Amino acid sequence: INDCSVGDWQPGECMDTQVARTLEQRGIYDASQAQKLGAQYKNLLHPCGVGGGVQWFLRDKVSPPQTPKHGADCPPLRLKTSCNDFECPIDCKLGDWEGWSACSKSCDGGLKRRVRPVLVYPQWDGDECDDTKDEETCNALSCDRPCLLTRWSRWRQCTRACEGGIRWRSRQIRRKASGDGKCPRTFSKARYQRQSCNTAPCPMDVVCVAKMDLVVAIDASGSMGTSGWKAQRQALLNLINRMQLSKTSGILLGTLKFAHKVTILSQLTDDKKALIKAVTDTKFDAWTTNIGGAFRVMKTMLQFGRRDAPSVCMLWTDGRPSHPSNKYDAALGARDLRSSCRVMVVTMRPAVPKSFVEPWVSHPKSQNVMVVRDPRDMTKKVMQVNTFVCGKIQRFLDWTTTTTKAAR
């Protein structure tokens, strides 16, 4: 007599309860076979979750009973159980890093930090969170740092067209010194270099052919006197006739006079006839000396200048500011004007020494102050004034020949 014999139980996958019930009705108890039936069973497994899933244990017959009446029947070949009846693990989920904080120290090594938020905290043996805080060292350089300088600038244009000018280049401070760090002074060899240029003597009669926007302010205060005023006005007219006026390649000239009141005679223009008429028609004010006001008006006139032309502001004066407070006002006006143009001064009396006006003018001081002993001498000094203010000159006869040929 041979009884039925069976093999060992083989556990199946844990399946979703609803899917397992459907498969059971079709006589399917193996998840691997169920997956071949179609897309509706692709999510049939139940890895976790409250209530659990269904798991089948299957075994096969090894040998059936020989005769139905004499051998023991086979025991059950399928066993249905509940499975994976526990909460699903929830992994930590983090947000993006926020920006770095400011460094805790400006030098000698500090720390900067950043954080990121926890969007989902881990549960039921889910993956733990990675770091939510991060820090790095910063500003490790010593607090005792010297300043950092820029590269050398280009050489500036020569200050004079003849008889010895100066050109220079400089280095600016890119980063200030800190702690006990040192920084070279503005005019030290490490930051400032200068050279002589255009050392040849000036010709007797020249025309200024430089491209620039030039504003000239003449003194109409009472200390000039009638004869001094007339000489100064005539000198300006002579100067206009020794300048190549042109919007494209020459000079745009603007003029004004100052006493107690500042009067614009002409805005920047290349119209020689209009310039001559404006200067010829102006009257002698014979009042106080408002130099600060002249500087401020000169700056407003430059707004009509050209971007591709250097700006020069030249003031003629024979007197000091009329009141002590006006001296301070002149210094403020000059400082503001220097940011817009090269400031130059022609003094016309011993009472106004070179040292008095040097604080007003641009660098280099020695190249931007001209001394004339008396206003009545201005008509004799037109050529010196012309070469003083002009960076490019041409002999008058050569210039006349050139312009005549160009007109043809």
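**View 1. Helix α3 (residues 225-240) packs with helix α4 (residues 272-281) at an angle of about 175 degrees, their axes 10 Å apart.** Helices here are DSSP runs (H or I, at least four residues) and strands likewise (E, at least two), numbered from the N terminus. Axes are lines fitted to C-alpha atoms over the stretch in contact, with angles from 0 to 180 degrees between N-to-C directions. That makes α3 and α4 roughly antiparallel (over 145 degrees; under 35 counts as roughly parallel). Arg-233, Leu-236, Leu-237 and Ile-240 of α3 meet Lys-272, Leu-275, Ile-276, Val-279 and Thr-280 of α4 (contact: heavy atoms within 4.5 Å). This is a predicted model, with local features needing pLDDT of at least 70, side-chain atom pairs counting only at pLDDT 80 or more, and totals for chains, interfaces and linings using all residues. Residues are numbered from 1 along each chain as its sequence is written, and side-chain values use heavy atoms, leaving out hydrogens and water.

**View 2. Helix α5 (residues 291-301) and helix α6 (residues 324-338) pack at about 20 degrees, with axes 7 Å apart.** So α5 and α6 run roughly parallel to each other. The α5 side of the contact includes Ile-291, Phe-295 and Met-298, and the α6 side includes Ala-330, Gly-333 and Leu-337.

**View 3. Arg-156, Gln-157, Trp-168, Arg-342 and His-363 lie nearest the centre of the largest pocket, among its 24 lining residues.** Strands β11 (165-170) and β18 (311-317) are the elements that each give two or more residues to this lining.

Definitions and conventions
Parallel < 35°, antiparallel > 145°, perpendicular 65-115°, else oblique. 1 Å grid on protein atoms, 1.4 Å probe; cavity = no way out; pocket = protein on both sides within 12 Å on 5 of 7 lines; lining within 4 Å.
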